[in-house]
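Please keep the sequence and the model in view as you read.

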Amino acid sequence: MSILVDEKTRVVVQGITGREGAFHTRQMLDYGTEVAAGVTPGKGGKQVDGVPVFNTVQEAIEKEEVNTSCIFVPPPFAGDAIIEAASADLGVIVCITEGIPILDMVKVTSFLKDRDTVLIGPNCPGIISPGKTKVGIMPGPIHRQGGMAVISRSGTLTYEVVDQLTRVGLGQSTCIGIGGDPVIGTTFIDHLMRFKEDIETKGVILIGEIGGTAEEEAADYIRKDFDKPVIAFIAGQTAPPGRRMGHAGAIISGGQGKAEDKIKALQAAGITVALDLGALGKTALEVMGDIGAN
Amino acid sequence: MKLHEFQAKDIFRKSGIPVPNGQLITSSDQATKVVQIINGPPWVIKAQIHAGGRGKGGGVKVVHYPYEVVTATEDLLGKPLVTRQTGPDGVIVNQILIEEGIKIDREFYLSMAIDRSRSESTMIFSQAGGMDIEEVAVESPELILKEHINPAGGWMTYQARNLIYRLDPPLLPAAVEELMSVMANVYKVFVTHDCSLVEINPLVITKSGKVVALDAKISIDDNALFRQKELLKLDDPREKDPLELMAEKYHLNYIRLDGNVGAMVNGAGLAMATMDVIKMAGADPANFLDVGGGASEEMITKGFEIILKDRRVQAILVNIFGGILRCDVLARGVLAAAEKTSIRVPLIVRLEGTNVEEGRKILRNSKLKFLVAKDLAEAAVLVAKQVSKTG
């Protein structure tokens with residue numbers, strides 16, 4: 001098993017004719033992902049790497065029975081693209097786009113509130129269930145199928161962690177990048193609840209960073225309701241307050257969002273926090289020990 | 001993007017939020033004239049810099065004689081102002097706002113921001129005005145009132161009543177009306193200008209019963225600047241570090257820090273984590289630099305030049321986990337930079353991911369001197385060694 005995406009996933013790429021959209025459609029196809037359709041308004045009837053392009057998501061669903069979207073649409077139009085996909089009742093929407101105005105995302109999350117659609121991102125690397133499918137931009141070859149779940153606010157930092165896991169022999173069930181923006185579709189807790197029910201998942205790696213209180217909230221949930229081992233890492237222990245560290249969401253402000261507070265909250269919940277990123281793989285192996293993540 | 005107080009007050013004035021009469025000056029000769037236009041005494045002299053903590057840092061003065069207006073502005077203009085947010089060097093004061101003094105009856109705190117855990121805009125109101133709101137939040141959280149806003153309906157009048165009718169002692173009906181209008185207008189400003197923060201501290205009721213915003217702080221969501229072209233003109237580059245300005249031009253995420261190890265990384269999370277690794281190795285990062293996912297060769301070259309311009313840098317760590325950014329592009333960018341500027345400090349390179357073999361080969365076959373780290377753990381050890389040698 002795995003969560004949210006697997007062999008049954010049929011992807012529509014919104015923004016498929018753009019540079020990034022076209023490049024990663026090729027990469028996803030190479031990984032074995034069923035990219036069944038693309039959408040670019042005004043470019044319906046064309047093909048990208050053999051994938052048929054439609055003008056609307058609705059049309060892509062009617063013709064190709066897609067159930068998952070991967071969005072590469074530029075920031076000014078991305079909010080609309082997410083709502084288009086959600087209105088068409090797609091089960092999972094992955095939004096890669098970086099730089100969406102925060103008030104657009106406030107509207108989007110409000111729209112999604114009473115719907116079953118799961119939004120991952122924006123400003124994220126996407127989601128991968130190794131050996132089954134990848135919906136996103138992460139490099140496929142560093143992953144290996146196994147029992148570790150990974151949930152992260154970051155992109156390349158996640159690759160670093162996954163690479164270490166694979167090297168120490170810990171494969172992954174599903175890896176999710178939830179995104180580096182202040183307002184995102186789903187948080188750590190949303191996915192922890194799914195991993196709790198997933199038989200294949202034996203343990204979870206949680207990668208947080210400075211800004212907001214999502215890690216503290218996750219720690220609280222884990223303490224109360226999550227019994228699989230969790231290993232955490234928090235980026236930005238040396239970040240100065242008041243400066244936005246690349247990600248719009250990575251900023252210490254109003255006394256909130258400090259790495260030390262997050263680490264304290266996680267440790268208080270009985271979670272192993274790896275302070276040294278270089279040794280995270282080893283730490284995970286020690287914690288998982290006899291449980292056997294494979 | 002941060003706005004200056006006088007810019008925020010201009011927006012307030014146009015949006016129906018009352019502010020004191022005031023005039024901006026850029027040289028102390030202008031002060032004499034301003035005293036004749038602006039009501040006083042007293043007058044309030046306010047240094048216009050982005051950093052907070054101006055009051056305690058000596059950047060806000062209340063004066064009672066016209067000559068004091070002149071001397072106070074002379075004391076501030078062209079000189080660095082140090083506050084708890086500026087760092088030890090302070091920020092040069094280029095502009096001063098001179099305002100009429102206001103007789104205060106009561107002070108409040110009012111702000112609008114995004115509540116991240118609820119993904120909603122939130123109005124925050126407190127009767128503990130004029131104080132450090134972060135301290136109030138810790139010491140007496142019951143004094144902080146919040147109203148979350150549904151984006152479909154926008155700000156509703158009942159929400160203003162929820163906030164205002166909890167005040168003790170209660171306000172007179174006229175002040176209630178004015179405060180309700182200020183709250184509605186703050187929401188309007190927040191939404192129409194794509195703000196990430198609108199803050200008034202203090203928002204006061206004057207002795208004559210009027211509601212006035214004595215201070216004004218506005219930050220604009222950088223992601224929305226593409227549709228806020230008018231606001232872009234309000235950007236003040238003098239407030240930024242010159243290296244940060246140069247980085248901005250090439251779309252690089254660069255933040256100057258206090259240490260001596262330069263770092264070039266792709267991805268914000270990995271860049272932050274690399275800073276942490278440097279610190280744990282016993283050194284201090286000189287910068288945060290995220291070259292981004294799809295960096296070009298030119299961007300890498302520019303990034304490298306920026307790191308080298310920082311004279312404090314004693315070693316450089318390049319940590320790239322290739323995804324979209326290919327390692328061969330990185331390698332060529334570094335070589336191009338090395339051709340233009342001589343690299344005077346030890347260089348440690350850690351490459352992984354897309355096209356890693358090609359990238360390593362390009363570097364190996366060049367004349368560039370560098371140390372290879374096979375993983376992050378080894379990179380940390382090498383950085384520590386280099387810095388202990390030079391330091």
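Which residues are buried in α1(A)? Before we answer, a word on the ground rules. This is a predicted model, in which local features need pLDDT of at least 70 and side-chain atom pairs count only at pLDDT 80 or more, while totals for chains, interfaces and linings use all residues. Residues are numbered from 1 along each chain as its sequence is written, chains are lettered from A and ligands numbered from 1 in the order in which they are written, and side-chain values use heavy atoms, with hydrogens and water left out.

Now to the helix. The buried residues in α1(A) are G21(A), H24(A), T25(A) and M28(A). They sit on the same side of α1(A) because they cover an arc of only 115 degrees around the axis, the arc being that of the directions from the helix axis to the C-beta atoms. On the other side of α1(A), R19(A) and D30(A) are exposed. Here buried means under 20% relative accessible area, exposed means over 50%, and partly exposed is in between (1.4 Å probe, protein chains only).

What lies over the buried residues? The cover of α1(A) includes the chain A strands β1 (10-14), β2 (34-39), β4 (51-54), β5 (68-71) and β9 (133-136). Helices (H or I, at least four residues) and strands (E, at least two) are DSSP runs, numbered from the N terminus. Helix α1 of chain A runs over residues 19-31, and its 13 residues reach 19 Å from the first C-alpha to the last. That is close to the 18 Å expected at 1.5 Å a residue, where the expected span is 1.5 Å times one less than the number of residues. Just after α1(A), G32(A) takes a positive phi of about 110 degrees.

Let's step back to the whole of chain A. Chain A is divided into domain 1 (1-123) and domain 2 (139-294), with bounds that come from an automatic or database domain assignment. The C-alpha centres of domain 1 and domain 2 of chain A lie 25 Å apart. Their contact (heavy atoms within 4.5 Å) takes 15 residues from domain 1 of chain A and 23 residues from domain 2 of chain A.

The size of an interface is often given as the accessible area lost when the parts come together. Buried area is counted here as the accessible area (1.4 Å probe) that two parts lose on being put together, summed over both. Between domain 1 and domain 2 of chain A, about 1600 Å² is buried, and carbon and sulfur atoms give 61% of it. On the domain 1 side, M1(A), I3(A) and N123(A) lose the most area to domain 2 of chain A, together 39% of what that side buries. How many salt bridges are there between domain 1 and domain 2 of chain A? The count is zero, a salt bridge being a side-chain nitrogen of Lys or Arg within 4 Å of a carboxyl oxygen of Asp or Glu.

Next comes the interface of the two chains. Chain A and chain B bury about 3900 Å² between them, with 62% of it on carbon and sulfur atoms. In chain A, L103(A), T238(A) and M245(A) lose the most area to chain B, together 15% of what that side buries. The contact draws 57 residues from chain A and 45 residues from chain B.

Six salt bridges are found across the interface of chain A and chain B. One pair is R227(B) with D104(A), whose closest N and O atoms are 2.9 Å apart. Another joins the side chains of E160(A) and R350(B) at 2.6 Å, N to O. This pair crosses from helix α5 (residues 156-167) of chain A, which holds E160(A), to strand β17 (residues 347-353) of chain B, which holds R350(B). Both E160(A) and R350(B) are buried.

Chain B has salt bridges of its own. The side chains of D310(B) and R312(B) meet at 2.6 Å, N to O. D310(B) is buried because its relative accessible area is 2%, whereas R312(B) counts as partly exposed at 29% relative accessibility. E5(B), K9(B), K46(B), R54(B), E99(B) and D215(B) are linked in a network of salt bridges.

Our last stop is A379(B), in helix α13 (residues 376-390) of chain B. A379(B) counts as buried because its relative accessibility is 0%. Leaving aside neighbours within four places in sequence, A379(B) is in contact with L317(B), I348(B) and A373(B).
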